[in-house]
Amino acid sequence: MISAGEFRNGVTFEQDGQVLQVVEFQHVKPGKGAAFVRTKTKNVITGSVVETSYNPTAKFPQAFIERKDVTYSYEDGDLYHFMDNETYDDIPVNASDVPDNFKFCKENEPCKLLSYKGKVFSVEIPNFIELEVTQTEPGVKGNTATNTLKPATVETGAEIRVPPVHQRGRSHPHRYPHRRVYGARLIICRIPGSGQPFARFLYYK
């Protein structure tokens with residue numbers, strides 16, 4: 001059993017015959033009235049997302065989620081294909097069961113398939129992925145503002161916004177400030193033709 005006061009992102013539990021996964025949570029202590037936990041949960045079977053408030057002491061059975069090590073193979077229309085790392089079997093997954101941050105995952109990357117009673121409901125991508133910036137506009141000379149961003153496309157086709165390039169000399173890498181973006185994790189990118197070491201962009205899941 002798990003109490004609502006112990007909820008964390010990714011926790012799965014059963015309620016009224018449904019299996020729910022905590023997507024977001026917040027402990028709220030109002031000036032008047034009892035404390036509660038405001039949550040956003042995803043039904044791992046149907047994919048529906050709802051916002052609900054719980055009493056912190058409310059208890060629920062935890063749901064056992066299987067995590068299988070796989071390798072991402074390729075995309076084919078509405079299906080994403082993964083290879084089981086143990087049996088080498090092909091496992092097709094519907095696009096509707098793939099999270100938004102999968103747009104940062106490239107072929108041959110190790111992943112984990114999340115399933116409940118044999119039904120795949122999500123995919124976990126690696127914490128670190130090395131991607132190449134394939135398209136971005138040149139930086140404006142003299143522009144050193146840290147809050148200035150420009151669009152860029154990485155090799156998976158995902159679009160992000162990055163700070164302008166700052167030339168720090170041949171012996172120094174381009175240095176960019178970290179920026180919070182919902183839906184991704186730590187991505188390491190390089191600017192083609194820059195001759196500089198990898199530049200780091202920090203994104204949060």
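Okay, so let's start with the open sheet: five strands, in the order 9-8-7-10-11, with antiparallel pairing. At the edges sit strand 9, covering 90–94, and strand 11, covering 119–124, and each of those pairs on one side only. Going from one strand to the next, the twist averages 45°. As a quick reminder, strands of a sheet pair through backbone hydrogen bonds, either parallel or antiparallel.

Bear in mind that this is a predicted model, and I'll come back to confidence in a minute.

Let's zoom in on one pairing. Strand 7, residues 66–76, and strand 10, residues 110–116, run antiparallel, and six bridges join them.

Now over to another residue, Thr39. Where does Thr39 lie? You'll find Thr39 in strand 4, which spans residues 36–43. And is Thr39 buried or exposed? Its relative accessible area is 2%, and the cut-off for buried is under 20%, so Thr39 counts as buried. Leaving aside residues up to four places away in sequence, Thr39 touches Phe7, Glu24, Phe25, Val50, Glu51, Thr52 and Tyr54.

The protein chain averages a pLDDT of 78, and 74% of the residues score at least 70. Strand 8, residues 79–84, comes out highest at 97, while strand 16, residues 199–202, is lowest with a mean of 51. There's also a stretch to flag: over residues 166–186 the pLDDT is below 50, though in the model this stretch has 60 contacts beyond near neighbours in sequence.

Methods: Residues numbered from 1 in each chain as written. Predicted model: local features only at pLDDT ≥ 70, side-chain atom pairs only at ≥ 80, totals over all residues. Heavy atoms only, no water. Helix = DSSP H or I, 4+ residues; strand = E, 2+ residues; numbered from the N terminus. Buried < 20%, exposed > 50% of the residue type's maximum accessible area, 1.4 Å probe, protein only. Contact = heavy atoms within 4.5 Å. pLDDT = per-residue confidence, 0-100. Pairing = 2+ DSSP bridges. Axes fitted to C-alpha atoms, helices over the stretch in contact; angles between N-to-C directions.
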